[in-house]
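This report concerns selected salt bridges, a helix pair and a surface patch. The structure is shown first, and the description follows.

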Amino acid sequence: MNRKGRRSSTPCPRLEDVPELLQHIQSWLPLEEATRTSVLSKSWLQAWSTIPTLRFYVLSEHEIIKQMTLKRKHMKLVDVERTLIRYLRDNLQIEKFNLKIDIDNQESASLAEKWIQSVATKSCLKELSLNIRLLGASLRLPDEILSGENLTKIRVSASSTMVIHSDSMKTSHHPKCVSLRELHLHDVLISEEVLHDILSSCNLLEEIHLVRCSGDLNAIRIKNLPCLYHLHIVTNDGGSTALEINHVPILRVFTCNVIMHGRSKRPLINAHSISLGSNVTKLTLCSGVFIDNASLDMMINSGLHCLESLTLDLTCWTSKTFYFTSASIKRFSLLDCPQLVDVVHVTAPKLLFWTFKGEMMPRLLFPDSTLEEIEFQLRITIPRLSASFFLNMRKAVALATKCNIHIDISYKNHDLQPFEIDIDDLRARLPFPPAINVVVYLRTNGDECLWERSAFFDAFFEICHPIRTYIQVQTRSSNTRITFAG
């Protein structure tokens with residue numbers, strides 16, 4: 001009884017007695033729902049009015065009118081100004097600051113610069129996230145965003161329409177954000193000197209995302225980062241930017257893409273200076289990073305013994321054959337394969353999932369593979385096809401337990417003769433029986449009479465008897481979807 005009495009005399013702790021817990025709950029809720037919690041009690045109101053996580057979404061005047069039509073709530077510049085004045089006046093903690101704003105005049109840009117500068121100077125700040133859409137104005141990021149000694153995450157994303165401007169990072173001060181773990185810069189104008197200072201000072205970096213950054217970036221040097229785990233780089237033109245990577249011993253995920261302008265096919269310069277270490281498990285190399293088997297071998301077959309997932313874009317590929325060998329790969333995607341490639345040879349005994357995207361069907365050689373699933377994404381023009389397309393496709397679907405085939409079919413020149421093939425001859429050359437492990441997605445466009453006057457479909461269904469077939473017929477006047485179950 002005494003024990004029971006002692007238990008009953010001890011007050012049971014209430015959720016509202018722990019303001020930090022209330023704020024943690026509010027920080028994970030959507031903004032409108034988090035705001036509603038302030039009416040639950042005085043404790044919830046106090047927690048919400050002093051929450052160290054600030055999230056603001058300020059729309060342009062055009063978007064405000066649109067949101068009012070949809071009866072959605074929105075924030076105004078004065079709302080952000082009033083809140084920040086109170087936090088700074090009362091010296092309230094700001095640990096996370098997230099600002100998403102549409103800027104359509106220079107007055108708004110000046111206000112945003114002032115807000116960012118005042119928040120960035122607070123020593124308690126840990127995460128800074130800026131998503132800025134510039135609509136006819138320009139904005140310069142203050143130097144102070146690199147001054148937070150406790151800052152662990154910086155995200156800056158700039159998108160613009162109408163008049164193109166970019167955010168800029170130009171500082172004469174050495175970065176003090178030595179605790180930085182994540183750096184995300186999207187469409188940011190940054191000098192090579194500033195970027196080098198950040199990367200050389202913040203040796204605790206674990207994630208780096210540099211997407212379409214510009215500003216006299218002759219070279220991007222990722223060096224001596226012992227904690228770097230994830231690296232994502234997208235450059236606007238490989239012919240003018242050198243990429244150097246070395247001494248990143250625990251790098252696991254690497255993505256590199258070179259965006260081509262017009263018909264330019266200049267590969268990334270100094271690709272031989274990329275040394276990824278031996279622990280990479282997921283690798284994505286898009287257009288412009290390599291052009292043939294020799295340049296590909298230089299990057300991949302140089303000690304990536306842990307590689308499990310690989311995505312390659314062959315836009316700039318210059319050889320008729322593609323060879324790849326890996327003892328560890330489990331998932332492989334080959335994208336935008338050009339028509340000149342007629343043989344794809346992959347030796348990967350542990351490969352389970354393979355994706356192919358292109359405008360033709362090459363001959364596939366997969367010795368010793370144990371594929372569970374293959375996916376084809378093909379964009380074909382009917383008159384260009386020959387019997388080899390169907391023969392190669394039939395051999396390909398036999399490589400895996402399950403096969404998904406997505407085909408976009410077009411008939412671009414109506415004056416050409418319709419596709420014709422000797423079905424009896426093709427049937428005699430195809431293995432029997434037809435494959436039954438296939439799900440087919442067909443989309444035709446550009447010719448509403450394609451079904452009646454083309455033998456493509458008769459030939460295709462000699463290859464396989466699909467489990468399920470999805471057909472979408474697109475014309476200028478209609479868009480029809482049909483599903484057949486096998």
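Arg 212 is partly exposed, with a relative accessible area of 32%; buried means under 20%, exposed over 50% and partly exposed in between, with a 1.4 Å probe and protein chains only. The model is a predicted one, in which local features need pLDDT of at least 70, side-chain atom pairs count only at pLDDT 80 or more, and totals for chains, interfaces and linings use all residues. Residues are numbered from 1 along each chain as its sequence is written, and side-chain values use heavy atoms, with hydrogens and water left out.

The side chain of Arg 212 forms a salt bridge with that of Asp 187, at 2.9 Å from N to O. This pair connects distant parts of the chain, 25 residues apart: Arg 212 lies in the loop between strands S8 (207-211) and S9 (219-223), and Asp 187 in the loop between strands S6 (182-186) and S7 (188-190). Helices (H or I, at least four residues) and strands (E, at least two) are DSSP runs, numbered from the N terminus. Asp 187 is also partly exposed, at 23%.

A salt bridge is defined as a side-chain nitrogen of Lys or Arg within 4 Å of a carboxyl oxygen of Asp or Glu.

| Salt bridge | N to O distance |
|---|---|
| Arg 212 and Asp 187 | 2.9 Å |
| Arg 221 and Glu 192 | 3.0 Å |
| Arg 427 and Asp 424 | 2.9 Å |

Arg 221 in strand S9 and Glu 192 in helix H8 (residues 192-201) are 29 residues apart, so that this pair too links distant parts of the chain. Arg 221 is partly exposed, with a relative accessibility of 33%.

Arg 427 and Asp 424, by contrast, both belong to helix H11 (residues 423-429) and are three residues apart, about one turn of the helix. Asp 424 is exposed at 55%, while Arg 427 is partly exposed at 40%. Elsewhere, salt bridges with shared partners join Glu 127, Lys 153, Arg 155 and Glu 182 into one network.

Helix H2 (residues 19-28) contains Ile 25, which is partly exposed at 32%. H2 packs against helix H4 (residues 42-49) at an angle of about 65°, with the axes 9 Å apart. H2 is therefore roughly perpendicular to H4, a term that covers angles of 65 to 115 degrees.

Definitions and conventions
Axes fitted to C-alpha atoms, helices over the stretch in contact; angles between N-to-C directions. Parallel < 35°, antiparallel > 145°, perpendicular 65-115°, else oblique.
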